[in-house]
Amino acid sequence: MTSKTGESESLQAPPREQWSGQLGFLMAAIGSAIGLGNIWRFPGVAYSNGGGAFVVPYVIALLAAGLPILFLDYALGHRFRGSPPAVFRRMSTKLEWLGWFQVFICFVIMTYYAVVVAWSLRYMLFSFNIAWGDDAGAFFQHYIGVDRLGSEVGYSPAVVMGVAVPLLLVWAFGLVVTALGVSDGVEKANKIFLPLLILMFAALVVRALLLPGAGEGLNALFTPKWSALLDYKVWMAAFGQIFFSLSVGFGIMLTYASYLQRRRSNLVGTGLVAGFANSSFELFAGIGVFATLGFMAHNQGGSVSDLEGITGVSLSFITFPTVIAQMPGGALFGVLFFASFAMAGLTSFISIIQVVAAGVGEKLDLAPKKASLVVGVPAAVLSFALFATRSGLPDLDVVDAFINNIGVVASAIIMCVAVAWVLRRSRLLQDHLNAVSESRMIGLWWRALVGGIVPVLLGYMFFQTLWTYLSEGYDTYSSGFIAVFGWGMLLVVALCTAVMTLISWKTPVDEFEPLRLETASEED
């Protein structure tokens, strides 16, 4: 029997969870993209790479790499309707391993991402009475236990209870939300947390702009250093920032797109909104951060260029608390900042869990609740054992560097090359994007970027980073520590990828017929 859409009913995919509508998907996609990196990474990267001039390579990177890979993720997930392993297997049985590689990259990321969110929650409470006093740096080191490690950095199994308690809450939240399913859990959480995040961060930015010295901070961020545009490292920094901040290339957006309805889903329009919303929030965060840093410099009688710790962990948990202790109404400012920071992290955290739970759930034929527990409990145990300990910060630093700069970038390169050159599916996916979207703007330019420009640029980043790690190590960590938490974690990802690829599917994942393009294009 054939349905009116022309698809064989016997070959249609089993019932799949769906977003309640386009808005639910859009908010979830934006919530995933807007995460910790938007607040603690972008301002520092922009400042150290040309200031206002950095906007030029940043926008070009968004258009030339970020959006094309985002569209590729959307097209793959929506057309083949599954988690990364199911999608790549449906494209070619020899490519299923790439899907599992993406799943286990997400598995590792969620183990340490949860810890940073836990720090944020704890600091939200610390902000009520400015618990860190006049020495935010020493307070942070004592809070996470790193000051008790000794002179040589090495793994410590001693759990820090001040980290473990909020971490337990973060994991409970993440697993409950994903267990409730896509529409009742993930979508509803984003509909609550994303508006709250924007409102609270807007209040924080307004307060920051009213501080003495805020103008000097903004001048430091946005004054263009045009000579920086001649430095290739600035351009690579722009492409790296866009690539990581959009959450593309390692299964998140692919998985989210698979829950859209099969017909008109306006993938191109949604992708444009999500991409520009993410970048707008990054610029917004830059304004808030540097207005605050301008106040700090003003208080110290110097300039922003004299300040240290303007990116990453130092910015969020040392520099900002220092400013909060110095400013009038600092307690409220601190609560707003760390609450916003935690919410940005939570919306991204649940998207990462969803990738892993969806992949394992489809392979083993598990309901969302069971899949969330099967993947969440081991991940939570690993999270506590590695990152809620006295060595949690150095453990996290090395794992994050290797998983992101080696694992995630390799995943995106392989995906682009496999789709464009090995399987030659880029034209098919181009047609799919145009067929289900309101505009038919995807053309040869997109295929050229996905199959050529993007893999070349990412390939350069990958080999440059790989050579640096092999020849110089990473930061000041010992070779043994890097071998365990850097290369060792990548090896674990590879082994888990091989094991899950060899396990048989509990459901007939190969019996699937994608949406027929002529039907989609003819529908109103």
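Arginine 440 touches Asn434 and Ala435, leaving out residues up to four places away in sequence. Arginine 440 sits in the loop between α18 and α19 (444–472). The model is predicted.

- Is arginine 440 buried or exposed? Arginine 440 counts as exposed because its relative accessibility is 60%, and exposed means over 50%.
- Arginine 440 and valine 268 are 172 residues apart along the chain. Their C-alpha atoms are separated by 8.6 Å.

**Asparagine 434 in helix α18**
- Asparagine 434 belongs to helix α18.
- Asparagine 434 has a relative accessible area of 4%, so it is buried, which means under 20%.
- Which residues does asparagine 434 contact, leaving aside neighbours within four places in sequence? They are Ser439, Arg440, Met441 and Ile442.
- A polar atom of the asparagine 434 side chain lies 3.4 Å from the backbone nitrogen of methionine 441.

**Helix α4 against helix α18**
- Helix α4 (residues 55–80) packs with helix α18 (residues 426–436) at an angle of about 80 degrees. Their axes are 9 Å apart.
- Angles of 65 to 115 degrees count as roughly perpendicular, so α4 is roughly perpendicular to α18.
- From α4, the residues that meet α18 are Phe71, Leu72, Ala75, Leu76, His78, Arg79 and Phe80. On the α18 side they are Leu428, Leu429, His432, Leu433 and Val436.
- By class, this contact of α4 with α18 has nine nonpolar, two polar and one charged residues.

**The largest nonpolar core**
- How many residues are in the largest nonpolar core? There are 189.
- Leu76, Trp119, Trp171, Phe317 and Ile403 have the most contacts inside this core.
- Helix α6 (residues 96–126) gives the most to the core, with 21 residues.
- Tryptophan 171 is in contact with Met110, Thr111, Ala114, Phe349, Ile353, Gly376, Ala379, Ala380, Ser383 and Phe384, leaving aside neighbours within four places in sequence.

**Asparagine 278 in helix α13**
- Asparagine 278 is placed in helix α13 (residues 267–300).
- Why does asparagine 278 count as buried? Its relative accessibility is 0%, and buried means under 20%.
- Leaving aside neighbours within four places in sequence, asparagine 278 is in contact with Ala33, Ile34, Asn38, Ser245 and Leu246.

How values were computed: Residues are numbered from 1 along each chain as its sequence is written. This is a predicted model: local features need pLDDT of at least 70, side-chain atom pairs count only at pLDDT 80 or more; totals for chains, interfaces and linings use all residues. Side-chain values use heavy atoms; hydrogens and water are left out. Axes are lines fitted to C-alpha atoms, for helices over the stretch in contact, and angles run from 0 to 180 degrees between N-to-C directions. Helices (H or I, at least four residues) and strands (E, at least two) are DSSP runs, numbered from the N terminus. Angles under 35 degrees count as roughly parallel, over 145 as roughly antiparallel, 65 to 115 as roughly perpendicular and the rest as oblique. Contact means heavy atoms within 4.5 Å. Ala, Val, Leu, Ile, Met, Phe, Trp, Tyr, Cys and Pro count as nonpolar, Asp, Glu, Lys and Arg as charged, and the others, Gly among them, as polar. A nonpolar core is a set of buried Ala, Val, Leu, Ile, Met, Phe, Trp, Tyr and Cys residues joined through side-chain atoms within 4.5 Å. Buried means under 20% relative accessible area, exposed over 50%, partly exposed in between (1.4 Å probe, protein chains only). A polar contact is a pair of N or O atoms within 3.5 Å; within protein, one must be able to donate a hydrogen and the other to accept it, and residues adjacent in sequence count only if both atoms are side-chain atoms.
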